[in-house]
Amino acid sequence: MEVFTEYLAQIRDETQRTRVKEVLDWVRHDFPELQPRYAWNQPMFTDHGTFIIGFSIAKLHMAVSPERAGMEHFHDDISEAGYSQSTMLFRIKWDEPVNYELLGRIIRFNQTDKAECRTFWRK
């Protein structure tokens with residue numbers, strides 16, 4: 001995904017860069033209908049022009065941002081997966097496995113919930 005090439009190249013830690021690339025590649029492979037986009041200094045995926053999910057990195061983790069509605073809907077599942085969370089994102093530590101099943105359910109929820117959404121963010 002050329003849109004993320006420059007972003008990935010800026011990640012100095014090879015382990016972190018590899019993890020982020022794996023997650024982005026997984027989203028692209030499992031949800032080919034989503035459009036990859038780089039905005040607000042983070043890779044994200046959209047559907048018909050509306051935000052579905054975004055990712056960012058920090059020293060200790062990769063953050064996953066499905067908007068507040070996604071966080072509220074999956075709050076308990078995210079906790080059960082062992083991830084820390086805030087109102088707008090959850091954190092996957094670099095040494096934790098990615099729960100792709102949960103990630104897929106979150107993406108599908110946002111696609112369905114925002115099917116009629118005509119704005120980038122929910123209102």
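**A chat about rings, salt bridges and strands**

Me: Which cluster do ring pairs make out of Trp 40, Phe 51 and others?
Reply: Ring pairs link Trp 40, Phe 51, Phe 120 and Trp 121 into a cluster. Rings of Phe, Tyr and Trp (its six-membered ring) pair if their centres lie within 6.5 Å; planes under 30 degrees apart count as stacked, over 60 as edge-to-face and the rest as tilted.

Me: What kind of model is this?
Reply: This is a predicted model, in which local features need pLDDT of at least 70 and side-chain atom pairs count only at pLDDT 80 or more, while totals for chains, interfaces and linings use all residues. Residues are numbered from 1 along each chain as its sequence is written, and side-chain values use heavy atoms, with hydrogens and water left out.

Me: Back to rings. How many aromatic pairs are found in the whole structure?
Reply: The search finds 11 aromatic pairs. One of them joins Trp 26 and Phe 31, which sit edge-to-face with 5.8 Å from centre to centre and 70 degrees between the planes.

Me: Are Trp 26 and Phe 31 buried or exposed?
Reply: Both Trp 26 and Phe 31 are buried. Buried means under 20% relative accessible area, exposed means over 50%, and partly exposed is in between (1.4 Å probe, protein chains only).

Me: And why is the pair of Phe 74 and Phe 109 called edge-to-face?
Reply: Because the ring centres of Phe 74 and Phe 109 are 5.6 Å apart and the planes are at 85 degrees. This pair links distant parts of the chain, with Phe 74 in the loop between helix 3 and helix 4 (75–80) and Phe 109 in helix 5, 35 residues apart. Helices (H or I, at least four residues) and strands (E, at least two) are DSSP runs, numbered from the N terminus. Phe 74 counts as buried at 5% relative accessibility, and Phe 109 is buried with a relative accessible area of 18%.

Me: New topic. How many residues does the largest nonpolar core have?
Reply: The largest nonpolar core has 30 residues, and those with the most contacts inside it are Ile 53, Phe 55, Leu 103 and Ile 107. At least two residues of this core come from each of helix 1 (5–9), helix 2 (14–30), strand 3 (50–57), strand 4 (61–65), strand 6 (90–93) and helix 5 (100–113). A nonpolar core is a set of buried Ala, Val, Leu, Ile, Met, Phe, Trp, Tyr and Cys residues joined through side-chain atoms within 4.5 Å. In soluble globular proteins, nonpolar side chains tend to be buried together.

Me: Which residues is Ile 53 in contact with, leaving aside its neighbours within four places in sequence?
Reply: Met 44, Phe 45, Val 64, Ser 65, Pro 66, Leu 103, Ile 106 and Ile 107. Contact means heavy atoms within 4.5 Å.

Me: What about salt bridges, how many are there?
Reply: There are 7 in the whole structure. A salt bridge is a side-chain nitrogen of Lys or Arg within 4 Å of a carboxyl oxygen of Asp or Glu. One of them joins Lys 114 and Glu 67 at 2.7 Å, N to O. Lys 114 lies in the segment after helix 5 and Glu 67 in helix 3 (residues 67–73), so the pair ties together parts that are 47 residues apart in sequence. Lys 114 and Glu 67 are buried.

Me: Which network is Glu 67 in?
Reply: A network of salt bridges links Glu 67, Asp 113, Lys 114 and Arg 122.

Me: Where do Arg 105 and Glu 101 lie?
Reply: Both are in helix 5, 4 residues apart, about one turn of the helix. Arg 105 and Glu 101 form a salt bridge, with the closest N and O atoms 2.7 Å apart. Arg 105 counts as partly exposed at 29% relative accessibility, and Glu 101 is partly exposed at 49%.

Me: Now strands. Which residues are on the covered face of strand 6?
Reply: Phe 90 and Ile 92 are on the covered face, while Arg 91 and Lys 93 are on the uncovered one. Strand 6 pairs with strand 4 in the antiparallel sense over 4 bridges, and Phe 90 is the bridge partner of Val 64. Two strands pair if DSSP finds at least two bridges between them.

Me: How many bridges join strand 5 to strand 6?
Reply: 2 bridges join strand 5 (residues 84–85) to strand 6, and the strands run antiparallel. Strand 5 and strand 6 form a hairpin with 4 residues between them.
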